[in-house]
Amino acid sequence: MNKLLINIFFFLLIPAFTTAQQDAYVESWSHKQADSLRTELYHTSNDTMQMRLSRSLGFHYQDSNRDSSLYFLEQELALAKKLHLKLWEADAFDNAGWVLSQLKNYALSLQYFLEGIRILENEDCEKNIWLITLFSKEKDPKKARLTCLGYIYNDLSQLYRSTGNRSKELAALYQGLKMGKDMNNYTLLALITSNVAYNYFDTNQLDSALKFGQQSLKYMSISGYTNYKGYVLNTMGLIYLKKNEYALARQYFDTSVSVNKVENNLVQLATAYSSLADFYKTQGKMDSSIFYTKKALVDSKNLGLFEGVNQAYTSLFQLYKSNGNADSAYVYIQLSKILGDSLNKAEKDKIYAYQNIGFNDQIKAQEQENERIRRESTVRSYTLLTGIAVFMLIAFLLYRINRNRRKANQLLQSQKEEIEIQKKNVEATLSELKSTQAQLIQSEKMASLGELTAGIAHEIQNPLNFVNNFSEVNRELISELVEEVDRGNTEEVKVIANDIRDNSEKINHHGKRADAIVKGMLQHSQASTGTKEPTDINALCEEYLRLSYHGLRAKDNSFNATMKTDFDNTIGKINIVPQDIGRVLLNLYNNAFYAVSPTLPKGDEVSDPT
């Protein structure tokens with residue numbers, strides 16, 4: 001009893017299906033509604049209702065989960081064949097063929113389209129159209145048939161685009177465009193003109209592309225069909241980007257993202273993110289370009305769009321390379337190479353299978369077959385048996401394709417994990433190398449500081465001796481000064497005071513000299529900041545010459561060398577890093593002294609000036 005009530009409820013839903021949509025190819029369901037449709041599908045045992053629900057679910061998943069979409073559309077096809085509903089069968093061939101073309105199964109996609117065209121070119125399919133209002137509000141069987149045929153030509157054009165035949169793509173689009181205009185079917189016109197716009201954009205006919213893009217938006221406004229509005233807006237953005245009208249391009253890309261989110265068109269959302277990434281790249285804003293490329297990468301991965309994933313990997317490699325981020329660039333070029341090799345082989349195999357079908361010859365053969373079917377009943381039986389064999393072959397091929405795809409996904413995942421591990425190892429090794437390098441540099445500084453110690457001691461002793469001597473003399477002069485003051489000898493007091501002042505100046509001079517030597521030693525021992533500062537290069541050269549000489553004299557007091565300097569006093573101060581240049585000069589002087597003296601201790605190594 002409960003099952004009977006459920007079936008009655010589903011039959012009552014049929015009018016709701018017809019009034020909720022504008023025409024046969026406008027299906028828009030929320031996630032909650034889609035869940036309800038699936039529940040209804042699994043509970044009803046009525047074949048026609050199952051067929052209708054399968055079609056709706058197939059449309060719902062077309063741009064969010066294409067594997068699920070194909071699953072439900074294949075159910076629609078099987079039920080239409082079982083019920084002998086030829087128009088529904090052609091509709092299922094069309095919708096499933098489009099999904100197959102997006103999944104790059106070109107050979108099977110072409111077979112589905114050809115079969116759909118064969119059915120729709122026979123006016124017999126106008127008989128026994130169940131739920132005709134779905135395909136023609138006027139309940140006109142001819143319009144219902146031509147509507148389906150117009151959409152097949154539109155979808156067939158996308159197969160031609162994917163396989164690189166742009167002239168046949170445009171020819172198929174114009175065939176569908178004529179049918180849409182004859183029937184005033186604005187939904188069909190909106191869809192076809194959007195694809196015509198992209199064809200003209202891709203072939204660099206920008207004015208024609210702009211014209212058809214604007215027509216498509218107008219038809220969408222009239223019909224209320226907005227499923228692919230984001231796609232048209234993205235095409236308009238690409239047109240303006242190519243015309244270097246950046247403000248308009250950015251406006252259309254942003255609007256495309258917003259519309260695709262509202263329409264839940266995840267495929268076109270990923271495309272819009274990729275276009276925004278290209279836009280920011282042209283503007284030199286690499287961080288923004290990386291941000292949107294990664295968003296496109298995430299959406300493409302979630303949808304299983306491996307070509308989009310590979311394109312994102314390649315873009316990220318180029319962006320990180322231009323930013324000087326070698327580690328990230330290396331990761332993405334490796335991912336791109338692995339996935340690209342797999343995709344290139346799969347793409348070639350699919351193109352080869354598609355080309356072997358021979359579209360024009362197949363159309364002609366189908367027309368001849370139709371004539372023979374009408375003349376000979378025996379051929380009908382043969383065709384039926386052949387169709388069953390082909391269907392079984394297709395099912396087998398689909399099984400093999402799905403199995404191979406799962407294996408490829410597993411391989412990609414394992415390779416990704418291995419690359420992540422290698423990246424972490426490389427980063428750890430690089431960190432250790434940097435730490436070791438810093439330690440070696442500091443060790444070298446301390447070693448050179450040790451060599452300087454003796455020279456610094458000798459250099460600092462001279463000014464200190466002067467300070468001590470002049471201090472002693474001043475003490476004696478002060479005693480004399482007191483005596484002369486007591487005697488009242490003013491002139492002698494002035495002479496002694498002048499001597500004390502002169503001695504004080506000398507003490508100050510030599511004290512500053514000692515201070516400069518100590519500061520130089522501290523600078524030499526400290527890590528260089530790498531900051532350039534105005535420096536008296538003559539004084540720096542002379543100071544390190546004396547330090548080197550006295551340092552080597554401390555090792556061998558028998559060592560002597562004559563040093564002559566010829567400085568350019570007009571050179572002034574120059575911008576250098578004094579610590580670094582000082583170490584270079586010290587090493588050069590040490591090497592020179594070693595070269596001119598045979599008496600220095602054996603085994604002393606010559607320093608690297610750098």
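Of the contacts in the chain with a separation of 6 or more, 68% join residues 24 or more positions apart, a contact being defined by heavy atoms within 4.5 Å. The model is predicted, so local features require a pLDDT of at least 70 and side-chain atom pairs a pLDDT of 80 or more, whereas totals for chains, interfaces and linings use all residues. Residues are numbered from 1 along each chain as its sequence is written, and side-chain values use heavy atoms, with hydrogens and water left out.

The mean pLDDT of the chain is 80, and 81% of its residues reach 70 or more; pLDDT is the predictor's confidence in each residue, from 0 to 100. Residues 1–22 have a pLDDT below 50, and this stretch makes 32 contacts in the model beyond near neighbours in sequence. The pLDDT is also below 50 over residues 602–606, a stretch with three such contacts. Where pLDDT is low, predicted coordinates should not be read in detail.

The chain contains 21 helices and two strands, assigned as DSSP runs (helices, H or I, at least four residues; strands, E, at least two) and numbered from the N terminus. Helix H20 (residues 537–555) comprises 19 residues and spans 27 Å from its first C-alpha to its last, close to the 27 Å expected at 1.5 Å a residue; the expected span is 1.5 Å times one less than the number of residues. The N-terminal end of H20 is capped by Asp536, a side-chain oxygen of which lies 3.1 Å from the backbone nitrogen of Asn538.

Buried residues make up 43% of the 610 residues in the chain, where buried denotes under 20% relative accessible area, exposed over 50%, and partly exposed in between (1.4 Å probe, protein chains only). The largest nonpolar core has 87 residues, of which Leu87, Trp88, Tyr112 and Leu120 touch the most other members. Such a core is a set of buried Ala, Val, Leu, Ile, Met, Phe, Trp, Tyr and Cys residues joined through side-chain atoms within 4.5 Å. Helix H9 (residues 186–202) gives the most to this core, with 10 residues. Beyond its neighbours within four places in sequence, Tyr112 contacts Glu74, Leu77, Phe93, Ala96, Gly97, Leu100 and Ile394. His60, located in helix H3 (residues 47–60), is buried at a relative accessible area of 10%. With neighbours within four places in sequence again set aside, His60 is in contact with Trp29, Ser30, His31 and Ala34.

The model contains 20 salt bridges, each defined as a side-chain nitrogen of Lys or Arg within 4 Å of a carboxyl oxygen of Asp or Glu. Asp67 and Arg405 form one of them, with their closest N and O atoms 3.2 Å apart. This pair links distant parts of the chain, Asp67 in helix H4 (residues 66–83) and Arg405 in helix H18 (residues 377–487), 338 residues apart. Asp67 is partly exposed at 39% relative accessibility, and Arg405 is likewise partly exposed, at 28%. A salt bridge also joins Glu115 and Arg118 (2.7 Å, N to O); both residues lie in helix H6 (residues 106–120), three residues apart, about one turn of the helix. In a further salt bridge, the side chains of Glu169 and Arg161 meet at 3.4 Å, N to O. Glu169 is buried, with 0% relative accessibility. Salt bridges that share partners join Arg161, Arg166, Glu169 and Asp202 into one network.

Conventions:
Polar contact = N/O pair within 3.5 Å; in protein donor to acceptor, adjacent residues only side chain to side chain.
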